[in-house]
Amino acid sequence: MTTLIIGGSGFLGAELIRQATAARQTTVATYATRPGNASQAVWCHLDLRDAVRLDAVMTEVSPRLVINASSGGADWAVTAQGPVRLALAAATHGVRLVHVSSDAVFSGNRIRYAESSLPDPVTPYGAAKAAAETGVLAVHPAAVVARTSLIIGDGGSVHERLVHQLATGARDGALFTDDIRCPVHVADLAAALLELASGGASGIHHLAGPDAVSRHELGILIARRDGFDASRLPTGLRADSPLSGALDVRLDSRATQRRLSTTLRGAREFCKAPRRPSPSAHE
């Protein structure tokens, strides 16, 4: 079985490569700027805006599964139109597709969101992700659209690096106490995506942890786990900042969790085990 991972050079993509190859799946990964470090995968360049190149990759690789873990920010052509182009290609080639979406499709007005909740984005990025969801399922109804939240690892995610830098004074900023999400560990998320792909799932699924925590509380958990002084983490209110976006979005993942053997751990669980920080964490 050949698995094609779109956006393999990203944080989630690298973990998907690791787990897919560990499961003895032939793995091909794409990159937009530069290949990732995973030597287990075959790498190829792909810009989702290029329909001709996309069809060529699909024909050459001939995958049985495609997982779209790419990220294009608020770029509409990449984040909204690219996944639809990918879904159309996957449907044409008869390939299973899992598309990773985001809790940014919600405004936070309802706070807790079930998989049946309708998107109501308040940012350009959220609008692009919401449009992608609709388009993907319109052209490939058998696809899985998996919404997730803040993705955390064992020190290597954007969120964790920010906490390390703030705790050491290497960077200015603040962790908001009113910005609440349901973080998920990258290993749990990758395993859940691969599990959904291997079954008969389709449609919208939520893959987030059960703990709703603020950015500041998450920062404290990360700092304590990684051996930093959590009391040095600066705080602030997102409501007082110029940043746009939802304040409180809690993905309800219980329906999908019931059908998975993979456990989606909460932040209080996956951050509780202390570990020695690597030297690079303090740079």
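Predicted model: local features only at pLDDT ≥ 70, side-chain atom pairs only at ≥ 80, totals over all residues.
1. Leaving aside residues up to four places away in sequence, Ser214 touches Phe176, Thr177, Asp179 and Ile180. Ser214 belongs to strand β13, which covers residues 213-214.

2. Is Ser214 buried or exposed? Its relative accessible area is 10%, and buried means under 20%, so Ser214 counts as buried. The side chain of Ser214 also reaches the backbone nitrogen of Glu217, at 3.0 Å.

3. Next, have a look at helix α7 (residues 215-225), which packs against helix α5 (residues 158-168). Their axes are 9 Å apart and meet at an angle of about 75°. Angles of 65 to 115 degrees count as roughly perpendicular, and therefore α5 and α7 are described that way.

4. Which residues make this contact? From α5 come His159, Glu160, Val163 and His164; α7 supplies Arg215, Gly219, Ile222, Ala223 and Arg225. By type, the residues of the contact of α5 with α7 divide into three nonpolar, three polar and three charged.

5. Finally, turn to helix α1, residues 11-22. With 12 residues at 1.5 Å a residue, α1 should span 16 Å, and its end C-alpha atoms are 17 Å apart, so the two values agree.

6. Within α1, the buried residues are Leu12, Gly13, Glu15, Leu16, Ile17, Gln19, Ala20 and Thr21. After α1 comes Arg24, with a positive phi near 65°.

Key. Residues numbered from 1 in each chain as written. Heavy atoms only, no water. Helix = DSSP H or I, 4+ residues; strand = E, 2+ residues; numbered from the N terminus. Expected span 1.5 Å × (residues − 1). Buried < 20%, exposed > 50% of the residue type's maximum accessible area, 1.4 Å probe, protein only. Polar contact = N/O pair within 3.5 Å; in protein donor to acceptor, adjacent residues only side chain to side chain. Contact = heavy atoms within 4.5 Å. Axes fitted to C-alpha atoms, helices over the stretch in contact; angles between N-to-C directions. Parallel < 35°, antiparallel > 145°, perpendicular 65-115°, else oblique. Nonpolar A, V, L, I, M, F, W, Y, C, P; charged D, E, K, R; others polar.
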